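Reader: I'm new to this one. Could you walk me through it?

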Amino acid sequence: MSIARSTIELVEKQVRDLCTHYARNLPFHGWHHVSFVRDKAVEFADLNGSDTPVVETAALVHDVNYLVRRNSPAAAGSGLRRDILDSAGVTPDLVEWIDALVDEAEMANRHRGISLEAQALSDADTLFKALPVTPVVLAHKYLAENGIGLRELANKIVGEQHAPHEEGFYFYSPEAAAAYSRWATANLELWHCIKESLDDPTVERLLTAVAS
């Protein structure tokens with residue numbers, strides 16, 4: 001095993017404690033998100049034969065950038081991520097690997113040829129975005145957490161997710177693609193429609209009235 005279970009548990013405790021302490025600032029990327037991504041990343045890592053302990057550890061620290069700065073890329077969390085891993089006793093070479101792996105798996109950065117470990121992490125994080133309940137239950141929490149508007153979120157989702165979906169690597173795992181591609185297609189189409197609707201002046205007036 002590349003990372004001992006006791007070390008992973010130390011990483012988990014630090015991240016959970018941070019998520020609990022700053023829960024009001026993390027309505028979208030809180031422990032509920034981290035634990036979901038961790039569980040699914042382990043599942044996908046077991047399926048694709050990658051280093052499961054490394055993937056699990058990366059999943060635990062993949063979104064600590066939101067503790068550093070709102071609406072930030074994964075790279076913004078590098079310092080905190082490294083501190084957490086180092087204090088848990090992760091070896092320096094694995095700290096480097098995990099830090100790079102988190103950046104590699106990020107939606108805005110990924111491509112068809114990313115590593116198996118990044119594929120497992122990416123599929124887990126992407127699935128959270130594609131869940132049918134996410135736009136209904138969690139999208140407004142993302143807006144509040146990151147201090148952005150609906151148009152900016154729609155542009156981000158369509159801009160980052162359209163190409164991977166069209167080019168056939170929205171999910172890397174064949175099992176994930178078979179189980180969840182219909183959800184992903186429906187979710188992306190919804191955000192396309194939201195983006196289009198925001199150009200309608202009547203919709204814009206409606207949203208202004210609701211927000212006031």
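This is a predicted model: local features need pLDDT of at least 70, side-chain atom pairs count only at pLDDT 80 or more; totals for chains, interfaces and linings use all residues.

Reader: How many cavities of 30 Å³ or more does the structure hold?
Author: A cavity is a set of points on a 1 Å grid over the protein atoms alone where a 1.4 Å probe fits but cannot get out. With a cut-off of 30 Å³ or more, the count for this structure is one.

Reader: How much space lies in the largest cavity?
Author: Volume here is the space filled by probe spheres set on the grid points. For the largest cavity that comes to about 40 Å³.

Reader: Is Cys19 buried or exposed?
Author: Cys19 is one of the residues lining the largest cavity, where lining means having an atom within 4 Å of a point. Buried means under 20% relative accessible area, exposed over 50%, and partly exposed in between (1.4 Å probe, protein chains only). Cys19 has 5% relative accessibility, so Cys19 counts as buried.

Reader: Which residue has its backbone oxygen 2.7 Å from a polar atom of the Thr134 side chain?
Author: Thr134 sits in helix H8 (residues 134-146), and its 7% relative accessibility makes it buried. Among the residues Thr134 touches are Phe28 and Ala139, with contact meaning heavy atoms within 4.5 Å. The backbone oxygen lying 2.7 Å from a polar atom of the Thr134 side chain belongs to Phe128.

Definitions and conventions. Residues are numbered from 1 along each chain as its sequence is written. Side-chain values use heavy atoms; hydrogens and water are left out. On a 1 Å grid over the protein atoms alone, a cavity is a set of points where a 1.4 Å probe fits but cannot get out, and a pocket is an open set with protein on both sides within 12 Å along at least five of seven lines; lining residues have an atom within 4 Å of a point. Helices (H or I, at least four residues) and strands (E, at least two) are DSSP runs, numbered from the N terminus. A polar contact is a pair of N or O atoms within 3.5 Å; within protein, one must be able to donate a hydrogen and the other to accept it, and residues adjacent in sequence count only if both atoms are side-chain atoms. Lists of a residue's contacts leave out its neighbours within four places in sequence.
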